[in-house]
Amino acid sequence: MVKRSVFIPAILLALYGCASRDMFTETEIGDAYVRFNADQFHGLQYKNIRHTGQLDREEYSLYVGHGGQAEFIYMEATQTDTSLQYNHDQSERIHKLIDTWNYNKGHDKEWGKTRRLRSSLGSVHFKPYRLTGLNQQCAGISIQHDYAPDDPQQRPVQVVFGYLCQKGNTVLSDEKMVSYIEQISIRDAYRDFKISSESWSLNSPTTRTTEDSNKSYAALVNGGFIPGTGNNRFPFKLSYFYSSGGGTDRF
């Protein structure tokens, strides 16, 4: 648990916000916050896209392989007394977020029951569903990796959400989902190491883009690297300054 207790004068926070607001970067896979190690979802490689805002950072990642497709978004509140407006209801959260992904839009879905898994990643929830028109087995995933200890509503400060879909109509069992989740790694943003049973190295520096590149990188994620990928809500910008008065969750 990371305690955010560093005092930042208001003028410095304002200057920081102006300097870092809405900046996009290309992130090499080795420097990404989320790593999915399942072989079935590897084959075609794409650079991740990171967004740095005034109060948070987000990163989109895509994995496409011979066995299926997976997409994730990492979110992190980065300022003192800041958390993420991320709904506490597990089933509702996954339901609302699934259709933000282009791959899932416009498809009827048959949903299974929400499952919870305790792991080194934190509290992991997944909810199976089937895209009926494609007869394809999928699952929505939500991970709360760290919490703001002083937030009256106990909102998280680090989350990962996304989905994975298997190719073909192979049954996606709970055991299979657990095996997939165990192959997700999250890089610790504060201590610069990974939390997972797998080992993978950080090697490539993040390449900063220019202001003129921001719109094109946002469009790349919104529209997708290839047809059937992307999320048109990225960046979500769910950071929230909390106080004893609390606030209202949006997702």
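The link of Cys138 and Cys165 is right-handed, with 110° about the S-S bond. This pair ties together distant parts of the chain: Cys138 sits in strand β11 (residues 136-147) and Cys165 in strand β12 (residues 156-166), 27 residues apart. Helices (H or I, at least four residues) and strands (E, at least two) are DSSP runs, numbered from the N terminus. The sulfur atoms of Cys138 and Cys165 lie 2.0 Å apart, and a disulfide here is a pair of cysteine sulfur atoms within 2.5 Å. A search of the whole structure turns up one disulfide. Both Cys138 and Cys165 are buried (under 20% relative accessible area, with exposed over 50% and partly exposed in between; 1.4 Å probe, protein chains only).

A word on the model itself: it is predicted, so local features need pLDDT of at least 70 and side-chain atom pairs count only at pLDDT 80 or more, while totals for chains, interfaces and linings use all residues. Residues are numbered from 1 along each chain as its sequence is written, and side-chain values use heavy atoms, leaving out hydrogens and water.

Next comes helix α2 (residues 90-98), where Arg93, Ile94, Leu97 and Ile98 are buried. Looking down the axis of α2, its buried residues fall within an arc of 120° and so line one face of the helix; the arc is that of the directions from the helix axis to the C-beta atoms. These buried residues pack against β8 (109-111), β10 (122-131), β11 and β12, with contact meaning heavy atoms within 4.5 Å.

Strand β4 (residues 48-52) has four of its five residues buried, so it is largely enclosed by the rest of the structure. Strand β1 (residues 23-27) runs antiparallel to β4, joined by five bridges; two strands pair if DSSP finds at least two bridges between them. Asn48 in β4 is the bridge partner of Thr27. Four bridges also join β4 to strand β5 (residues 56-65), again antiparallel, and here Ile49 stands opposite Tyr60 in β5. With three residues between them, β4 and β5 form a hairpin.

Finally, the rings. The structure holds 17 aromatic pairs, where rings of Phe, Tyr and Trp (its six-membered ring) pair if their centres lie within 6.5 Å, and planes under 30 degrees apart count as stacked, over 60 as edge-to-face and the rest as tilted. The rings of Phe161 and Phe236 are edge-to-face, because their planes are at 85°, with centres 5.3 Å apart. Ring pairs also link a cluster whose members include Tyr60, Phe161 and Phe236.
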